[in-house]
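Please keep the sequence and the structure at hand while reading.

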Amino acid sequence: MTASRRLAHARQLGTVLGLVVLSGVLWAMTPHFLTVPNLLNVAQQTSINAIVAIGMTFVIISGGIDLSVGSIVALSGVVLGLALQNRVLLPFALALGLGTGLACGLANGALVSWGRLPPFIVTLGTMSIARGAALVATEGRPISGFDPAFRSFATGHVAGIPSPIVATIVMYAIAHIVLTRTTFGRYVYAIGGNEEATRLSGVSVRLHKTMIYAVSGLVSAVAAVILTARLNSAQPIAGMMYELDAIAATVIGGTSLMGGEGTLAGTLVGALIMGVLRNGLNLLGVSSFLQQIVIGAVIIFAVLVDTVLKRHRT
Amino acid sequence: MRKISVSLVVLFVVLLAVSFPACNRAAPGTNKPKVALVLKTLNHPFFVDMRRGAQEAADRLGVQLDVQAAEREIDVEKQMQIVENMIQTGIGALAITPSGSREIISALVKARDAKVPIIVVDTRLDPKAAADAGVHAETFVGSDNYEGGKLAGGYLVKATNGKARVAILEGIPGHETGDSRLRGFREAVSSAPAITIVASQPANWERDQGFNVFQNMLQAHPDIDAVFAASDLMALGAIEAIAAAGKTGKIRVVGFDALDDAKKAIAAGTMEASVAQFPSEMGKIAVESAVKAMHGEKLPPDIVVNLAMVTKDSLSRP
């Protein structure tokens with residue numbers, strides 16, 4: 001146990017070091033990187049991916065995968081947008097949007113645990129269903145133009161800090177406590193480490209797995225609130241490829257796709273690495289084609305570190 | 001264990017150090033004024049042409065041009081991020097082809113606050129949303145897509161003597177560009193009562209979807225005489241579907257954009273016509289306008305780039 005904990009620390013240190021080095025390189029290469037407005041931009045731009053990646057971290061630690069998060073972002077955003085457009089009061093509209101995400105997550109979880117289907121297949125299916133539902137609900141058109149009270153979820157400030165950043169920090173704090181200080185959190189690791197042993201020790205694996213996917217759906221809906229407010233528009237085509245960005249942030253942050261290990265702090269740093277990288281490449285004027293190559297290389301590199309470290313443990 | 005992670009980090013640094021200077025096109029030490037051109041995407045020939053025209057103008061005028069685009073045409077969130085990031089690099093002017101007429105406005109508010117003049121290219125901003133947010137574009141450079149749609153419709157009415165069963169391939173629903181083209185086209189063909197629109201479906205600007213959607217349309221309506229695609233990529237997809245059905249030459253295909261591939265198809269006779277836009281001209285005028293705006297010159301609200309109908313006849317003319 002202590003050995004693996006030491007490994008987790010070393011791995012996390014590596015990720016943080018990666019972020020520091022990356023920032024150092026960018027600072028040396030462009031005077032525009034290390035400025036307060038730019039760093040606030042990076043943090044805001046990262047917030048949506050970072051929030052979606054919270055759910056992805058829960059799911060991946062439990063040994064699963066959730067490909068439907070991007071579509072859930074779109075569907076929750078669209079439900080929220082339609083509610084606001086039809087003059088539903090803000091708290092109820094938010095409840096509808098978040099409820100949509102939660103319901104999608106519960107459906108994923110129920111199909112995975114009681115349907116005994118592989119999570120890859122279930123969430124591949126719901127990815128398509130939720131996207132289709134979002135397109136049907138809007139006839140493919142974006143819903144736009146919301147009042148300033150709603151838009152403040154993206155444009156507002158709390159104690160001088162932009163609200164998406166505050167939301168991200170609060171979400172990570174809550175999720176971290178849930179993952180490390182509650183029995184539910186311990187079961188997330190246990191299910192990912194050895195599902196059969198967890199079941200035999202009397203834990204309702206089905207119930208907890210369903211809850212894990214529900215968490216993923218719910219946080220995706222939170223990301224949808226911020227995205228919709230930021231764009232001032234609920235787009236049925238929003239959130240495409242978010243699942244891959246979230247998986248990348250989680251994996252760069254040291255969560256093992258095999259399940260059983262990972263931390264939210266790592267995921268947050270992973271999301272920041274991706275955000276800083278995209279921002280830096282923009283500042284340097286690197287073409288979008290080369291950006292994709294660099295980001296791909298970073299993902300592979302991060303997993304390579306993981307694998308090498310593991311090989312040396314045994 | 002620490003040693004390994006440290007050595008891997010060192011490797012990471014080396015990799016970055018090697019890769020970044022190679023990518024960094026902005027030569028340090030140049031104090032040339034910088035114009036940013038933010039496109040919808042760079043994986044479409046239309047925008048590649050636009051960039052070429054813009055680059056030529058920038059070289060001629062002695063300004064530094066920084067071109068960025070999202071990976072996918074519909075990714076307006078990524079486009080917003082690019083705009084926010086570029087404002088930080090101290091650009092003198094911003095030329096942009098908005099991926100979303102309303103959505104992009106939040107990013108343009110930041111450009112306004114940074115006192116960066118905005119040139120809108122190809123796709124208009126939503127006038128009401130822009131006015132509400134207090135965003136003012138110095139000028140709009142582009143073709144009138146509504147007129148282009150009318151041109152295509154008028155051509156088809158004439159070519160078919162006002163009698164045809166027509167299918168339409170639409171772009172992504174809710175896009176100003178595609179909607180205007182379709183409005184123009186419908187307006188033009190409505191003058192011919194014997195022209196019926198039998199099917200109208202979105203193929204999302206893409207070639208493979210143009211193929212699939214038109215193949216399905218042919219299944220449902222085997223007697224289609226003509227198809228209007230709101231972009232050439234979708235038209236080229238439809239041409240393949242027509243070939244697969246063994247109906248090449250029996251269905252008139254009219255596209256939009258006059259891409260090189262479309263011109264080849266028109267010369268080969270598999271396609272009938274396409275509305276030509278001049279994206280490199282748009283890019284050129286966008287940069288010229290950006291430079292004028294940086295110098296505080298007043299620009300006209302609209303700079304219209306002409307359209308032309310490309311047919312086999314027009315291609316054979318010198």
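A:Gly18 lies in helix 1 of chain A; helices (H or I, at least four residues) and strands (E, at least two) are DSSP runs, numbered from the N terminus. A:Gly18 counts as buried because 26 C-beta neighbours lie inside 10 Å. A residue is termed buried if 20 or more other C-beta atoms lie within 10 Å of its own, exposed if 12 or fewer, and partly exposed in between, with C-beta atoms placed from the backbone. From C-alpha to C-alpha, A:Gly18 and A:Val308 are 16 Å apart in space, and 290 residues separate them in sequence.

The model is predicted: local features need pLDDT of at least 70 and side-chain atom pairs count only at pLDDT 80 or more, whereas totals for chains, interfaces and linings use all residues. Residues are numbered from 1 along each chain as its sequence is written, and chains are lettered from A and ligands numbered from 1 in the order in which they are written.

**Helices of chain A**

Helix 11 (residues 242–252) of chain A is largely enclosed by the rest of the structure, because 10 of its 11 residues are buried. Among the buried residues are A:Tyr242, A:Glu243, A:Asp245 and A:Ile252. Just after helix 11 of chain A, A:Gly254 takes a positive phi of about 100°.

The axes of helix 8 (residues 183–193) and helix 10 of chain A come within 10 Å and cross at roughly 100°. Helix 8 of chain A is therefore roughly perpendicular to helix 10 of chain A. Axes are lines fitted to C-alpha atoms, for helices over the stretch in contact, and angles run from 0 to 180 degrees between N-to-C directions; angles under 35 degrees count as roughly parallel, over 145 as roughly antiparallel, 65 to 115 as roughly perpendicular and the rest as oblique. On the side of helix 8 of chain A, A:Phe184, A:Tyr187, A:Val188 and A:Ile191 meet residues of helix 10 of chain A, including A:Val205, A:His208 and A:Ile212. Two residues are in contact if their C-beta atoms, placed from the backbone, lie within 7 Å. The residues of this contact comprise seven nonpolar, one polar and one charged. Here Ala, Val, Leu, Ile, Met, Phe, Trp, Tyr, Cys and Pro count as nonpolar, Asp, Glu, Lys and Arg as charged, and the others, Gly among them, as polar.

**Contact between the chains**

Chain A brings 46 residues into contact with 41 residues of chain B. On the side of chain A that touches chain B, two or more residues each come from helix 1 (2–29), helix 2 (36–61), helix 10, helix 12 (264–283) and helix 13 (288–313) of chain A. That side of chain A divides into 23 nonpolar, 19 polar and four charged residues.

**Sheets of chain B**

Six strands of chain B form an open sheet in the order 2-1-3-4-5-11, with parallel pairing. Two strands pair if DSSP finds at least two bridges between them. At the edges are strand 2 and strand 11 (302–304) of chain B, each of which pairs on one side only. Helix 3 (residues 76–88) of chain B packs on the sheet, touching strand 1, strand 2 and strand 3 of chain B, and its direction makes about 155° with that of strand 2 of chain B.

Strand 2 (residues 64–70) of chain B is largely enclosed by the rest of the structure, because six of its seven residues are buried. Within this sheet, B:Val35 stands opposite B:Leu65 in strand 2 of chain B, and B:Ala36 stands opposite B:Leu94 in strand 3 of chain B.

A further open sheet of six strands in chain B has the order 7-6-8-9-10-12, with mixed pairing. Its edge strands are strand 7 (194–202) and strand 12 (308–311) of chain B. Neighbouring strands of this sheet are turned by 20° against each other on average, direction ignored. In strand 10 of chain B, B:Val275 is the bridge partner of B:Phe256.

| Strand of chain B | Partner strand of chain B | Bridges |
|---|---|---|
| strand 1 (residues 34–41) | strand 2 | seven bridges |
| strand 1 | strand 3 (residues 93–96) | four bridges |
| strand 9 (residues 252–257) | strand 10 (residues 273–276) | four bridges |

**Nonpolar cores**

The largest nonpolar core has 143 residues, of which A:Val52, B:Val35, B:Leu94, B:Ala95, B:Ile119 and B:Ala286 touch the most other members. A nonpolar core is a set of buried Ala, Val, Leu, Ile, Met, Phe, Trp, Tyr and Cys residues joined through C-beta atoms within 7 Å. Helix 10 (residues 205–231) of chain A gives the largest share of this core, 16 residues. Another core, of 50 residues, lies apart from it and includes B:Ala188 and B:Leu218.
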